[in-house]
Amino acid sequence: MTDRVREILSWYGSDNPGTKANLARMMNTGRLAGTGKMVILPVDQGFEHGPARSFAVNPDGYDPRYHLRLAVESGCNAYAAPLGFLEAAAGEHAGEIPLILKLNNHDVLFDEKDPLSAQTASVEDALRLGCSAIGYTIYPGSSASSMMYTELRELAEEARSVGLAVVVWSYPRGSQISKEGETAIDVVAYAAQIAAQLGAHIIKVKLPGAHLEQAEAKKVYETTAVPIGTLAERVRHVVQSSFDGRRIVIFSGGAKKDKDEDVFEEARAIRDGGGFGSIIGRNSFQRPKGEAIRFLNSVMDIYGGSTR
Amino acid sequence: MTDRVREILSWYGSDNPGTKANLARMMNTGRLAGTGKMVILPVDQGFEHGPARSFAVNPDGYDPRYHLRLAVESGCNAYAAPLGFLEAAAGEHAGEIPLILKLNNHDVLFDEKDPLSAQTASVEDALRLGCSAIGYTIYPGSSASSMMYTELRELAEEARSVGLAVVVWSYPRGSQISKEGETAIDVVAYAAQIAAQLGAHIIKVKLPGAHLEQAEAKKVYETTAVPIGTLAERVRHVVQSSFDGRRIVIFSGGAKKDKDEDVFEEARAIRDGGGFGSIIGRNSFQRPKGEAIRFLNSVMDIYGGSTR
Amino acid sequence: MTDRVREILSWYGSDNPGTKANLARMMNTGRLAGTGKMVILPVDQGFEHGPARSFAVNPDGYDPRYHLRLAVESGCNAYAAPLGFLEAAAGEHAGEIPLILKLNNHDVLFDEKDPLSAQTASVEDALRLGCSAIGYTIYPGSSASSMMYTELRELAEEARSVGLAVVVWSYPRGSQISKEGETAIDVVAYAAQIAAQLGAHIIKVKLPGAHLEQAEAKKVYETTAVPIGTLAERVRHVVQSSFDGRRIVIFSGGAKKDKDEDVFEEARAIRDGGGFGSIIGRNSFQRPKGEAIRFLNSVMDIYGGSTR
Amino acid sequence: MTDRVREILSWYGSDNPGTKANLARMMNTGRLAGTGKMVILPVDQGFEHGPARSFAVNPDGYDPRYHLRLAVESGCNAYAAPLGFLEAAAGEHAGEIPLILKLNNHDVLFDEKDPLSAQTASVEDALRLGCSAIGYTIYPGSSASSMMYTELRELAEEARSVGLAVVVWSYPRGSQISKEGETAIDVVAYAAQIAAQLGAHIIKVKLPGAHLEQAEAKKVYETTAVPIGTLAERVRHVVQSSFDGRRIVIFSGGAKKDKDEDVFEEARAIRDGGGFGSIIGRNSFQRPKGEAIRFLNSVMDIYGGSTR
Amino acid sequence: MTDRVREILSWYGSDNPGTKANLARMMNTGRLAGTGKMVILPVDQGFEHGPARSFAVNPDGYDPRYHLRLAVESGCNAYAAPLGFLEAAAGEHAGEIPLILKLNNHDVLFDEKDPLSAQTASVEDALRLGCSAIGYTIYPGSSASSMMYTELRELAEEARSVGLAVVVWSYPRGSQISKEGETAIDVVAYAAQIAAQLGAHIIKVKLPGAHLEQAEAKKVYETTAVPIGTLAERVRHVVQSSFDGRRIVIFSGGAKKDKDEDVFEEARAIRDGGGFGSIIGRNSFQRPKGEAIRFLNSVMDIYGGSTR
């Protein structure tokens, strides 16, 4: 148990030892064990975008076990997936890596401006499958956001009481937010704050752009001269907006990049801005496994994995 | 235990000793202990307005512990915040000041004419975190008001049964109310009455203006010549509308004022009108801590804190 | 226990002894004790219309205890109010008069054509506060009526199971009913029938006018020559429509009348038509207490109160 | 919040902020506030020994409010009593002093060799009455001890989950223990250990004598030369046996002493041995109030109360 | 994940992935990680024998954190203790080693011929404290055994449903068993079988002697010539009796041995007989920590720990 992991655990002083143990478990797994940094492999795209869009480019990915094995072999801290994918792999690979069960999901066969994800698994499922955490997506900005906040509240309270950690995907979307606004720095920082206020132990947001979406917020950013010029500065502001850095905030890689160097560049900015790591899905599983492991290891090296 | 606190407790004759003890605890804490007056620090703006708009001007406020400490050091009666902020500070500062857990919240990434807050915490959370009261916001005038009244009813019944007090933020807003109407004296008095009828032990409303919004009410105010010319008179009418002064009614400071004297002027009017105190957020935490403590102490002095 | 009270109780043969005892308690209280007639004081106008419109003309009424005391001192059979008003008075005046807890309420800050009241108290609250009955308002004719019928069903089932009586305020309102139609004789008789069918022990309706609202009903009233020419005849028809007089039906006085004699005239019609009494709010509490007691006693005298 | 209180709270790292806040509340009340020492007034003798044996010598003690007031006026940290005594005083004195509700009791009208206390109140009662802790008596050595351990387990789990602290009276008694053995140093240390293992936050035991009861234990005490010659040494050993001093252990005064100096002598030994204070019933309430306050203050002075 | 661990997990084909993950976690921790062998540190002697008998010889052991740290530093697979000991250490050392919460305990202040342990913790406690397994002691041979079997059944069912493993201490004791019979080979083998039949994932028994206790069994052992001459043979028979070696069976070290070599000799016999390891309490914690670590490492080396 490193000092850094102990320090991070100290931020969660209202949580029981069970939840702390599961946070420790995720931080003490894989190539980044002990650094307080995290790279998590999430594979919910089969549900969120459809199977061919997700797996056709690397058909090994149709097999649920492929991803769990990729996470283990590449040295990720944890693997996150919906119920079905975990059901199909958790028994055969019990105890190999911390698991995060995504408790809600959304598909694109019905695609609304103000999206609402459906609850697709339970806290009991997470215990039964041996998970370390539940995952839940909220869409701040959706007209249905209050329904998701309320559902998350109930699930998070239950999860915490049985010693699980809570990972919140906070993705601004909705009829009052522009496309550019979904990654605007003011909006992403707000989304991180909302997740933290709702009790998330780990917050996942998209990498923020320099755009400022909300008129009232824009004024404040300008008058107080919040530094948001570089990606690292924007990451730093999001981390600050997550209880002054006292919550674990990780950033998503988004769609498959053409050049790996772009992902590495982002990882360096996350690191330099004090971010806690990356959650990388499509950029890793949409290529052959050996290549994916090398790619993930390169990202982990940026976060300090190589120094262990 | 002063005579005044005993007198105020006697107004809550249907409540159990647990709820009375928590009301007493709030009245017997801080610089105003024993006076029956209250200054409460509420910090839900991170959720309600976003982190930068709330904390950029005084970045210490990004840290959840900052506000609890400010409330303790300035001698407030209680500190109110959403789940995440309390989770992040209540363990380290257990027992230092009465806590109020805000059970619902609203953000401005989706901003509707008829707002509905989402439930973001539970009565069990309040007990677990060692709170003295739950807080809940209703928006009388919203088409969704009956949903909030009903949810409040359930939460308040549960809270009272386990000895917690109930603090209601009653903020008129909705498609049938003009902007000026949100602080119209008839509307604010009505909002206070609704909160009292719903079982609130402590009612928080905005300071009322001289405007009269509702035609039917306007006639009555004019024919019966209710004195509403000065702010103190309007405060007195709101207090009267809260069971003839037999419920604790406190008033919010609203947005950051340019001049402190304006806040002091308001506090004097609240005091002279028989109000029970202030709930002051942005005007206190959006400035350096030492300055904030002096500012809050000045407000407390107006309410009689200096005489103890 | 008079023969008349026994007779009335015999109409409620499916109810348990607890509910019957509470009906008896209401019938055996006050100046009308034993007559089978009732005058009830209801004070929910603070919530329904706002505090100033309700109490400014007689400011003593801002104090919740005022009304309970008025009901006791004038010899009413029962006192009905929302949660907050009972909370604030029931402890200090425990056991002095049968109480009816209004379980739902509506305010006019949002005023819709098809109204829906919010549930504002529970059956457990009624037990805890020592009430004899729950009260519930339905708006037959509102597009939301089925939601209220369903909620009433659940609450009434629960209330009966714990020995409470059920008082239903049945007020036709909605987008398909004209203003005049809200008190049309066919509509009021229909509203009474609906309340009775929903299991009400005591039904409260407005005094019916001679207007006939519904075309299909109009034909029948005309071809069968139902006598509805006088107010007493219309009262008799409403009572007949309430299970042939085997449910207690009482009539509301409506807004404050200019002349007391108008109220007395109505009470005589209710008596002559076989009605069971009056529920009188604004006409009693919107005047000084001594005057209100004399006024209420005059109404009770009409119902036979003076003969005891 | 003193450093010492913070240090003590740090020993309870698996507890939620609510329980910690209630422990803090007890440690921060009265003349010993902030010292980490405690003097608690317990009055369950009316149930345990009968009213005349308990109160005839000072008949003011028949009134349940007398004892709560004595605890407040003398500056005790908390007041402990069975359900009835708290019911009769908690409403009138809400919030004046931390309360401990004794959840089980035993009378002497049936007096068995292997005693079993009856559950006489619930955790819900404790919340409703505004208590800071539950109290529970176990009789290690009784053939019925496992029934009490199991009941305590359930009550303690529930209490902790709602933020209450758990105080365990651990009194060895039973058919296999001699009279002298009930206060034997090996037996008292064992009783303290059992209470700690069962999850007690505060442990109350009798002052231990130098006798060694159990043959197996006697050998160990002798071969390892545990210092138990003086009362202070024995107190130190009991504190050590309570998780090496990381649980609050307080000692009971027992029956009314002839000379106050004997009690003071014991308090000095408790202090010198690192004990956390005294729980003093009969020696305080079986004398006139003024005298009792002076007596209790003298005890508190020994624990350091005078230095504040 | 080694092949051996996978093989062992395959024996638990009816268990959910959560329980398998917790079994894997225990097998993959410490110096014996991956070997399928286990050395577990259990410290319930403070409750079972009393504090001085347990800790006086090495007073560091009075501190609950000492043992958890010893288990971590010596490379044990897991640490087992009652509620209080885990409460006092699990928060500070969250996630450092798999924990086993002992759900029942027995003290010797009342020592009966037919013992019954008291339930002292719950499955919810185990989750809250972040445990991998529950532990439970049964006394086959006690007249109270069926009560313990039934309680174990309920707790084990609940534990398995939430992904915890079940460790059963199976210690024959009772009025119909001789002292020598408690470790008779027929009796120990029988006790292991009972634990396995009750659903234990891990079985803990005492090392068997050559004595044969039961007349009917004696005949069979003799006629079928079961090899039980050496300790290794007897271990092999116990393992065979535990579902032909398809359940993890570990053996207790018993009281502190005079010579370490005796313990090593036993460990070699356990290894040679196909046993899965040792559960070593007093022999490890009743000596200074450095010495204890060397001692435990020697035992682990026997089981193959040195080869990793």
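1. The area buried between chain A and chain E is about 1,800 Å², and carbon and sulfur atoms give 59% of that area. The model is a predicted one. In this interface, 24 residues of chain A are in contact with 24 residues of chain E.

2. Chain A is superposed on chain E by a rotation of 180° with 0.0 Å of shift along the axis, at an RMSD of 0.1 Å. This is the relation of a two-fold axis. The same surface serves both copies, since 100% of the contact residues of chain A recur in chain E.

3. Two salt bridges are found across the interface of chain A and chain E. One of them joins the side chains of Glu96(A) and Arg6(E), at 2.9 Å from N to O.

4. Which elements give two or more residues to the side of chain A that touches chain E? They are helix H1 (3–10), helix H2 (17–27) and helix H7 (123–128) of chain A. H2(A) provides the largest share, six residues. By type, the residues on this side of chain A divide into 10 nonpolar, eight polar and six charged.

5. The relation between chain B and chain A is another matter to record. A rotation of 72° with 0.4 Å of shift along its axis brings chain B onto chain A, with an RMSD of 0.1 Å. That is the relation of a five-fold axis. Met147(B) is the residue of chain B that comes closest to the rotation axis, with its C-alpha at 11 Å.

6. Chain B and chain A bury about 3,200 Å² between them, with 59% of the area given by carbon and sulfur atoms. Tyr62(B), Leu109(B) and Phe110(B) supply 23% of the area that chain B buries against chain A, more than any other three residues. The contact involves 41 residues of chain B and 41 residues of chain A.

7. Across the interface of chain B and chain A there are three salt bridges. Among them is the pair Glu92(B) and Arg246(A), whose side chains meet at 3.9 Å, N to O. The count of residue pairs in polar contact between chain B and chain A is 14, with both residues at pLDDT 80 or more.

8. Several elements give two or more residues to the side of chain B that touches chain A, including helix H5 (64–74), helix H6 (83–90) and strand E5 (118–119) of chain B. H6(B) gives the most, with seven residues. The residues on this side of chain B divide into 22 nonpolar, eight polar and 11 charged.

9. Is helix H6 (residues 83–90) of chain C buried or exposed? Eight of its eight residues are buried, so the helix is largely enclosed by the rest of the structure. The buried residues of H6(C) include Phe85(C), Leu86(C) and Glu87(C).

10. Glu96(D) lies in the loop between helix H6 (83–87) and strand E3 (99–102) of chain D. With 18% relative accessibility, Glu96(D) counts as buried. The side chain of Glu96(D) makes a polar contact with the side chain of Arg6(B), at 3.0 Å. Apart from neighbours within four places in sequence, Glu96(D) is in contact with Met1(B), Arg6(B) and Val72(D).

Terms used: Residues are numbered from 1 along each chain as its sequence is written. Chains are lettered from A and ligands numbered from 1 in the order in which they are written. This is a predicted model: local features need pLDDT of at least 70, side-chain atom pairs count only at pLDDT 80 or more; totals for chains, interfaces and linings use all residues. Side-chain values use heavy atoms; hydrogens and water are left out. Copies are superposed by least squares on the C-alpha atoms of residues with pLDDT of at least 70 in both. Contact means heavy atoms within 4.5 Å. Buried means under 20% relative accessible area, exposed over 50%, partly exposed in between (1.4 Å probe, protein chains only). Helices (H or I, at least four residues) and strands (E, at least two) are DSSP runs, numbered from the N terminus. A polar contact is a pair of N or O atoms within 3.5 Å; within protein, one must be able to donate a hydrogen and the other to accept it, and residues adjacent in sequence count only if both atoms are side-chain atoms. Buried area is the accessible area (1.4 Å probe) that two parts lose on being put together, summed over both. A salt bridge is a side-chain nitrogen of Lys or Arg within 4 Å of a carboxyl oxygen of Asp or Glu. Ala, Val, Leu, Ile, Met, Phe, Trp, Tyr, Cys and Pro count as nonpolar, Asp, Glu, Lys and Arg as charged, and the others, Gly among them, as polar.
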